Amino acid sequence: MYEGCEQRQVSVGKLEYFCGVNTMRKKTFFASDFHLGVDARLTSTERERQVCRWLDLVAPEAEAIYLVGDMFDFWFEYKTVIPKGYSRLLGKLAEVRDAGIPVYAFTGNHDLWMFGYFEQEFGIPVYRKPIQREIHGKTFFIGHGDGLGPNDLGYKRMKKVFVHPFSQWLFSWIHPDLGIRIANFSSQTSRAATPPEERAWLGEENEWLLQYCNRKIELGIEPDYFIFGHRHLPIDWLLKNGRSRYLNLGEWLHHCSYAVFDGETLDLRFFENEKGEVCSNSGSRQ
Ligand SMILES: [Mn+2]
């Protein structure tokens, strides 16, 4: 037996050595909306530890990990400075990357001001728009989900300002102690402005990301899975072509939900949350 290798039966009477951890890894994990920096069911620091425990759990069998936006309740990278805090998560991401596990990140509407730190420090590519990927023969359409679909007009206007290089340059020249204070305030106000009824399932006709997926299907874009965050509600919905599914990753303020693709099936799961429920039209509630 070679060190670090495992002997497995590949067919009757035929044994082969599988060497290196990579051959064992087959699962792809997706999570979004940790919103670190704000307290919820747990304090932000406790939740950060929880996210690290989750990464410890999934990393050994992860082929790749996708962090699909709003990791932070607010994040802004200055040219030479990043916001204080989050050292556990950042350290854990460094550890995971140094172990050779690919991690992909997306900006969300709360942390779209990422300007190269994740790429340079961790080797984590950061995507600003949805991407399409093929993983073990299945097609994935992955994005945070902000500003997509028919509604959210106010945010779409704001986003134009947020992503504009001039306003970003201007903000970067406000002293961080003041700039981040203003940003935290407006981030909390925008969250508080979401009425409780919008946090619940709005029905097939009113879920704007679901409408977005169905519209893509009408346009002939029919991936096996649409994966979004942003909605803060775990959803697993079979779309109108009867084949593609829309998964919403939920969030970690309360649900602690994530998705895992084992190479054949994609499932929503909950971490340290026994009561987790998925909105689904397959009749099953997990
Ligand atoms: Mn969010």
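Where in the chain is the place of L148? L148 is in the loop between β8, residues 138-143, and α4, residues 153-162. Before going on, note that this is a predicted model.

Is L148 buried or exposed? L148 has 21 C-beta neighbours inside 10 Å, and the cut-off for buried is 20 or more, so L148 counts as buried. Setting aside neighbours within four places in sequence, L148 is in contact with L209 and Y212. Y212 is 64 residues away from L148 in sequence, yet the C-alpha to C-alpha distance is 6.7 Å.

β8 runs parallel to β9, and 4 bridges join the two. In that pairing, F141 stands opposite F226 in β9. β9 covers residues 225-228. From this strand, Y225 and I227 point one way, while F226 and F228 point the other way. All four of these residues are buried. β9 also pairs with β11, residues 245-249, in the parallel sense, again over 4 bridges. There, F228 stands opposite N248 in β11.

Next, the open sheet. Which strands form it, and in what order? There are 6 strands, in the order β6-β5-β4-β3-β12-β13, and the pairing is mixed. β6, at 126-127, and β13, at 266-270, stand at the edges. Each has a single partner strand, so one side of each is left without a neighbour in the sheet. I65 stands opposite V103 in β5.

Last, a pair of helices. Two packed helices are described by the angle between their axes and by the distance between those axes. How do α1 and α2 pack? Helix α1 is residues 44-58 and helix α2 is residues 87-98; the angle is about 15° and the axes are 9 Å apart. Angles under 35 degrees count as roughly parallel, and α1 and α2 are therefore roughly parallel to each other. Their crossing is left-handed. On the α1 side, the contact is made by E48, R49, V51, C52 and L55. From α2 come R88, L89, K92 and V96. By class, that contact of α1 with α2 has 5 nonpolar and 4 charged residues, and no polar ones.

How values were computed:
Residues are numbered from 1 along each chain as its sequence is written. This is a predicted model: local features need pLDDT of at least 70, side-chain atom pairs count only at pLDDT 80 or more; totals for chains, interfaces and linings use all residues. A residue is buried if 20 or more other C-beta atoms lie within 10 Å of its own, exposed if 12 or fewer, and partly exposed in between; C-beta atoms are placed from the backbone. Two residues are in contact if their C-beta atoms, placed from the backbone, lie within 7 Å. Axes are lines fitted to C-alpha atoms, for helices over the stretch in contact, and angles run from 0 to 180 degrees between N-to-C directions. Angles under 35 degrees count as roughly parallel, over 145 as roughly antiparallel, 65 to 115 as roughly perpendicular and the rest as oblique. A crossing is left-handed if the near helix is turned anticlockwise from the far one by less than a right angle, and right-handed if clockwise. Ala, Val, Leu, Ile, Met, Phe, Trp, Tyr, Cys and Pro count as nonpolar, Asp, Glu, Lys and Arg as charged, and the others, Gly among them, as polar. Two strands pair if DSSP finds at least two bridges between them.
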